[in-house]
Amino acid sequence: MAASDSEHPHSPPPAAPPWATHALPPSRTQDPPAHAADAPAPRAPHDCLTAPALDERLREEIARAARHGSALGCLLVEIEDLPRIERAHGPELSAQALAHVGLALCREFRSFDRVGRAAEDEFVVVLPGVDAARGEVVARRALARLHAIKIEAQGQRRALRVSIGIAAWRDGLSAEQLVERAREANARETSLGSAADALRL
């Protein structure tokens with residue numbers, strides 16, 4: 001069920017250009033471990049949406065943003081080394097990595113933000129009232145949390161390689177197009193400059 005407008009009490013920051021799209025590069029910040037060998041993987045949190053539920057929620061938030069002229073941000077979170085983890089260590093460890101990332105994302109964001117699986121190695125975060133500039137701030141914070149996750153295999157502990165693409169909704173963009181803009185931003189390898197509609201930080 002869609003959150004009511006009253007659930008969005010904050011005042012969004014000044015709107016960034018409506019086309020603004022940013023991507024954050026992977027990093028390798030290290031902190032608390034998630035040991036595959038001696039601890040069970042966390043279960044996926046109940047508020048981490050399936051792909052159909054995520055699509056429905058995103059459509060609802062786009063309709064709300066269109067009615068009220070408010071900002072709407074979208075993060076595309078990719079676990080870049082998930083295929084390597086599965087090839088080298090099997091599906092159990094890759095499932096643990098996914099569960100840890102989903103749990104960390106659901107704990108990071110506000111109660112009315114929504115996190116869901118978009119693809120095998122991707123999560124999407126829907127951020128009502130968040131423009132591109134604010135999206136960058138919250139994405140950096142989320143990235144730090146994700147890089148604190150360590151996966152242990154064959155006696156080695158490694159941080160996950162994660163990157164985030166950020167897109168701001170503008171009038172006329174569908175749910176699919178908004179997610180695709182965030183995905184395209186995440187795929188950028190070089191900065192196109194501050195005037196471009198996508199850049200790598």
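Mentor: Here is a look at the salt bridges, pair by pair. This is a predicted model, where local features need pLDDT of at least 70, side-chain atom pairs count only at pLDDT 80 or more, and totals for chains, interfaces and linings use all residues. Residues are numbered from 1 along each chain as its sequence is written, and side-chain values use heavy atoms, with hydrogens and water left out.

Side chains of opposite charge can pair when their charged atoms come close. A salt bridge here is a side-chain nitrogen of Lys or Arg within 4 Å of a carboxyl oxygen of Asp or Glu. The whole structure holds 13 of them.

Glu-61 pairs with Arg-57 at 3.0 Å, N to O. Buried means under 20% relative accessible area, exposed over 50%, partly exposed in between (1.4 Å probe, protein chains only).

Next, Arg-141 meets Glu-108 at 2.6 Å, N to O. This pair links distant parts of the chain: Arg-141 lies in helix H4, Glu-108 in helix H3, 33 residues apart. Arg-141 is partly exposed at 40%, while Glu-108 is buried at 14%.

Arg-110 bridges to Asp-113, with the closest N and O atoms 2.6 Å apart. Arg-110 is partly exposed, at 29% relative accessibility. Asp-113 is buried, at 6%.

Definitions and conventions
Helix = DSSP H or I, 4+ residues; strand = E, 2+ residues; numbered from the N terminus.
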